[in-house]
Amino acid sequence: MKQTKHYLAAFSAFFIWGFFSLALKPIADFPSLDILFYRVFLSVFLLTLLNVVFRKSVIRENWILFQNFEPKVKKTILWLTLGGSLILASNWFIFIYVVNHVSVKAGSLAYLICPILTTVFAFFLLKETLSKTQWFAVSLSVVSCLLLSMNDLHDIFYSLVVAATYALYLVSQRKNNQMDKLLVLNVQLLFIALLILPFYPIYSGPLPRTPLFYGCLLCIVVFFTIIPLFLNLFALKGISSATVGILMYINPMINFAIALLYFKEKINGTQLFSYVLILISVVIFNKKVILELLRKSKEKRLVA
């Protein structure tokens, strides 16, 4: 299957993101804005260094490619890239605030709602179509999210905002597929850095002095920013944004397990049932892909 690598990229991105709270919670005492500032600045520095030192030929090729586009195409690429930057920056700040000052479960719920919003946005904005079986899987997801949101109206508000911003980012970047994804990500992060730089002297706290902060920050930048974002953007080149969205359920399921087993957050029977429904919906939505992967795996074993 030609799309296998794109499915694996999406799966890997959301699997990695599922463990984000492990790096974020230890620095919960630091202001959310400070975490955002340093996350963006360090991400830009490392990604720019990577592109300039090791990918000069890619930069050159993409610059020539961009120059040869028609003015209308250039304008579209710029709008999608810079607009995506604004949406991504909003999502990051709100998510950091929610995990550190609302609850890990609220952050997890956001990424349960996000696949549903991504599917809806993709249907109306990108005209992506789904089979009846896939719509049934989405319906199961809706039911599970409604169950999870019961008696948690405060959490659901923050979750909706986080979900909507990332869903919009996914859908917008599905159309932004003409240029190298690592360069696009670099430009987006650079644009975010330039936007927030004037606010840094005004709104940042004292310079953190603890090694814990910088250790967690480096982990966040490399393992929970650059790598999964690149995998996410790469996946969008080969599979629909609705499919990428539904694979996002891997993230909150891992996050949920961590909240329950590691952070000892309370859980009830309704929440457990809801997560089982979500797992079933993921399997149903990706049934064809799962069966194809199993078939190929069986063929390889027979050949061996």
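The structure is a predicted model, where local features need pLDDT of at least 70, side-chain atom pairs count only at pLDDT 80 or more, and totals for chains, interfaces and linings use all residues. Residues are numbered from 1 along each chain as its sequence is written, and side-chain values use heavy atoms, with hydrogens and water left out.

**The helix pair**

Let's start with two helices (DSSP runs of H or I, at least four residues, numbered from the N terminus).

| Helix 13 | 250–261 | Pro-252, Met-253, Phe-256 |
| Helix 14 | 269–285 | Tyr-275, Ile-278, Leu-279, Val-282 |

Their axes (lines fitted to C-alpha atoms over the stretch in contact, with angles from 0 to 180 degrees between N-to-C directions) come within 10 Å and cross at roughly 150°. Helix 13 and helix 14 are therefore roughly antiparallel to each other, a word used for angles over 145 degrees. Contact here means heavy atoms within 4.5 Å. By class, the contact of helix 13 with helix 14 has seven nonpolar residues, no polar and no charged ones; Ala, Val, Leu, Ile, Met, Phe, Trp, Tyr, Cys and Pro count as nonpolar, Asp, Glu, Lys and Arg as charged, and the others, Gly among them, as polar.

**The annotated domain**

An unreviewed UniProt entry gives the annotation "domain: EamA" for residues 7–149 and 156–285; such annotations may be inferred rather than shown by experiment. Over residues 156–285 the chain is 78% helix and 0% strand, a strand being a DSSP run of E of at least two residues.

**A loop residue**

Where does Lys-127 lie? Lys-127 sits in the loop between helix 6 (104–126) and helix 7 (132–149). Its phi is near 60°, a positive value in a residue other than glycine. Lys-127 is exposed, with a relative accessible area of 64% (exposed means over 50%, with a 1.4 Å probe and protein chains only).

Terms used. Parallel < 35°, antiparallel > 145°, perpendicular 65-115°, else oblique. Buried < 20%, exposed > 50% of the residue type's maximum accessible area, 1.4 Å probe, protein only.
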